[in-house]
Amino acid sequence: MAFTARRGGWAHSLLPFSSPTSKSKLTRKSRRRLPLIDFIFTNFFTIGLTISVFLFLVVVLRYGVPRPISTHFNSRASRFPKPRKPVYRKPVLTDAASSKDAVLSSSVDITTKDLYDKIEFLDVDGGPWKQGWRVTYKGNEWDAEKLKVFVVPHSHNDPGWKLTVEEYYEKQSRHILDTIVDTLSKDERRKFIWEEMSYLERWWRDASETKRESLVKLLKNGQLEIVGGGWVMNDEANSHYFAIIEQMAEGNMWLNDTIGFIPKNAWAIDPFGYSPTMAYLLRRMGFENMLIQRTHYELKKELARHKNLEYVWRQSWDSEETTDIFVHMMPFYSYDIPHTCGPEPAICCQFDFARMRGYEACPWEVNPVETNRENVQERALKLLDQYKKKSTLYRTNTLLVPLGDDFRYISIEEAEAQFRNYQLLFDYINSNPSLNAEAKFGTLEDYFQTLREEADRVNYSRPGEIGSGQLGGFPSLSGDFFTYADRQHDYWSGYYVSRPFFKAVDRVLEQTLRATEMMMALLLGNCQRSQCEKLPVGFSYKLTAARRNLALFQHHDGVTGTAKDHVVQDYGTRMHTSLQDLLIFMSKGIEVLLGIRHEKSDQNPSQFEPEQMRSKYDVQPVHKLISAREGTYNSVVFFNPLEQTREEVVMVLVNRPDVAVLSTNWTCVPSQISPELQHGKSKIFTGRHRVHWKVSVPPLGLQTYYISNGFVGCEMAKPVKLKFFSESTSITCPTPYACSKAGGDLAEIRNQHQTLTFDVKHGLLQKITFKDGSHNAVGEEIGMYSSTGGAYLFKPNGDAESIIEAGGLMVVSEGPLVQEVSSYPSTAWEEPPISHSTRIYNGENTIQQLLIEKEYHVELLGQEFNDKELVVRYKTDIDNKRIFYSDLNGFQMSQRETYDKIPLQGNYYPMPSLAFMQGSNGRRYSVHTRQSLGVASLKEGWLEIMLDRRLVRDDGRGLGQGVMDNRPLNIVFHILVESNISSIPTSVSNHLPLSPSLLSHLVGARLNYPLHAFIAKKPQELSIQPPPRSFSPLAAPLPCDLHIVNFKVPRPLKYSQEPPEDSRFVLTLQRLHWDSSYCRKGRSQCTSVADEPVNLFYMFKGLGVLHVRATSLNLLHEDSEVLGYTEQFGDVAQEGHVLISPMEIQAYKLELRPQNE
């Protein structure tokens, strides 16, 4: 049963139907009339309408916009609420010149940076509310506006933590959902909210038709509300914005397709800190309100003092208030019942009636008792006292009181204990008007709607407050809520790095899923017969599983690395299975797109295999070895998942050095050959060889190259020259390479842009010299913290100590395309925990020639590394004043400053993809990463990044174990040093984050979305030369600052059944904002930037684009007002012209049709 609406609820007909063709057939006898009367009768409707409009305008100007008639305290909130008031105070940014300003800025009342500057972080004991103060009230606060209390029952269900998602479902979550349906059905006054679709979808599969109907009825009558409705409640520090969009859309679309419900209130009680990226994405998905909990306790206290715990969250770049979303921040330590009814947990715990049986007793030694006639007055007044105290921390007299905890409401008995006792307490409060209070069970929708109605009636705005044009009475805020501390200077910065191996797998699955989605869209778009639909449609089940496995890992105990070992194994196995499935599908898809085989189903094996594969879930990928027999060639096909042509130096492994590389039309391609190296000093050469050459691959396209042995007329790959720097180790020179042993204290490698100087004794990068003669110290250092933290907390004992001793081995490899320094350092341990390589590239028109590639091989494996945390530091000479910029979810930058008033671990921040420092002279030092880690700038000019951590202890946050399941892993950074070409941007507030340069964006995109390579399983004889094989679907590359977030078929299972008018494809675009004080063209082959509209109708070559409709990021809304956009959003798409403001992400539904048909 499905019943949907465009806005957060159930379908209602908004407009009466009318027929444009119906005309009155009635005629009258004509009568003679005076000219004036005749004129009035003739123009009766026009005159009446004019007078009506005039009177209406007079009333509106005198009294304002009339409010809808509604009670102030509805028992059932409408699931079809009134639209937000779209008040835009400033014109929309369309001017091309202004869109390139170096700093975009919003005006707000509060920034989190200002709060950090102001707070002293003294951790003062506040008494019963330990992290606050003794809350009091006068008693007259509710005389004019009574207190309206919404108690919101909930159960926090982690999709994996101490048990796997399946174990939790079987043992707890299925019973909780059964209990909710049963107990809510008994009494219409009972309410509940549910968040995670991963569990609801599983329950729905198992549930009887009767249970399903009961759940739907509860949703329809407003007793049950789905909040958030993502597949999981995602982490906000390590998750990439692509994966956040995916997991939200997966949950929201399943919910809408299956049950017909569209959520509009978000609920995030357990992520460990919060990102404005999430607020932005929710707003662009049609969400209106959100609730958060885990923010720094000192920050909560400061906001509570000024009644600013409810605010409008605005993006730092948004000058037009289109990103505004209303936020409720919970005020206390936890989301459990002792910390939600009011400021005194010892009292609140007495109202957790589940503790009367089955759950642990209250730690404050006063336990709950059954409510009855004799004690109801005393109990109700005690509870109401807490409600009133909590209410004084907020501006309105509408109060939210969550009632739940992890995996609560597991049995009828438990649920009845809560509902029964609370109803008695509510009845007493509500029957005594002198208390000026009304309490009831509610949903988030009940709460937010009542709050908005009160804020419409009562002016809560402060003098001089900027607030928001969309909701009056509350301050506006911008910034993020990292790094979280819950008590006593315990900072949750450890989880930025815990289980880095799986943080890396997460991003590999993400980029592989994205590439597969694109390939499936291109296969179906180019197909008009049912035969060629077989392969993509047959793969639909595995594609859905891959989407859901990526979504599941975004859970705040998944990508965070904060689950038990066997749960991590479950996540890892799921991701591994999906990775294999996606790569096998892509291997088959490239055959169809290249025209090698048209009729292909999911069952047929492919001629190709992925160039990299993993043998199991917890090992690094291995490069496939090409066996280059004489007189044969091997095909290598590259897929480019980016929107610009890729000129890039690539590498494959071969079993012999005497090979040549040929292009798809059989012309020679210059290449170099070098020996493969591995971690571990005993045998650093593997006996295999690496071939490098430069490829050119069209956007979203395929290009074929051949590795041949014995092709006459082509020069073989040039062998590199090797230099060894070692005092002790003697190394055998591999054939056919020229080797030499070198001395001296310094070694250099160079390309046309930069020279890198290394300290030979320690094998570390010392400085970079540029072609203009200027240079930057880098001062690479590898260090180790001794620590007492755990999976969540970073708790260092002092500073990190350098672990590199003099006397390691360094191998320098010099070739025409790649120069490389491989360092095998000497440490106090016999088996060093790290080795690393530094590479620079030569390659005309490549982005690679401008960057430095660092690859660290990390093995924190033995017990000698217990309670150790490994870091790399770049001790540069940039005068950054300990201010640096780190990214939030790969989407936006945030300014960070190191404070002496908080401990070292509180100055660590998430680094999902980028961190940079900037000096007063405009010199910028950026480090791009392909996986999330933690970053700090603890001293002037230093950038420190944590690589791995191994901790024996549990850190007291419920996990019950340390982090000891480390795996060998490779961490890759792309380092970019840039100088500005115009003056440094000055902003109104120096707290505004700077943006990456255009070049920096391009570097990040190429690291996070690498070329996907596939190799023919069998070599072919050189006598058989196929025709040129490539695939180029775009009419032209997109502008350099326009990024395709995704291009997909959202419902591949239903593709054949859906009519083309339904627009079965989705294209999601992001306009990057870049710092124009750095080189405009990004020192790359950029042909254009997105100042001018892009026409979607002509985007593809050979494919017509039809039925374009702008849509929300969860694909469920098409009304621009619902999403915060201005009116241009939908209209632009009708013409096919897309002009996106910098920083915006916009999605379009469309249909593709081959034009040759």
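Predicted model: local features only at pLDDT ≥ 70, side-chain atom pairs only at ≥ 80, totals over all residues.

Visitor: Which residues make the contact?
Guide: On α5 they include Tyr 168, Tyr 169, Arg 174 and Leu 177, and on α6 they are Tyr 199, Leu 200, Arg 202, Trp 203 and Asp 206. The contact residues divide into 8 nonpolar, 1 polar and 6 charged.
Visitor: Where does Leu 200 stand in the largest nonpolar core?
Guide: That core has 279 residues, and Leu 200 is among those with the most contacts inside it, along with Tyr 387, Phe 973 and Phe 1047. Helix α15 (residues 500-525) gives the largest share, 13 residues.
Visitor: What is Tyr 387 in contact with, leaving aside its neighbours within four places in sequence?
Guide: Its partners include Leu 147, Val 149, Cys 341, Tyr 422 and Phe 426.
Visitor: How do you know that the length of helix α8 (residues 241-258) agrees with its number of residues?
Guide: At 1.5 Å a residue, its 18 residues should span 26 Å; the end C-alpha atoms are 25 Å apart, which agrees.
Visitor: What makes α8 largely enclosed by the rest of the structure?
Guide: Buried means under 20% relative accessible area. Of the 18 residues of α8, 17 are buried, so the helix is largely enclosed. Just after α8, Gly 260 takes a positive phi of about 85°.

Methods: Residues numbered from 1 in each chain as written. Heavy atoms only, no water. Contact = heavy atoms within 4.5 Å. Helix = DSSP H or I, 4+ residues; strand = E, 2+ residues; numbered from the N terminus. Nonpolar A, V, L, I, M, F, W, Y, C, P; charged D, E, K, R; others polar. Core = buried A, V, L, I, M, F, W, Y, C linked by side-chain atoms within 4.5 Å. Buried < 20%, exposed > 50% of the residue type's maximum accessible area, 1.4 Å probe, protein only. Expected span 1.5 Å × (residues − 1).
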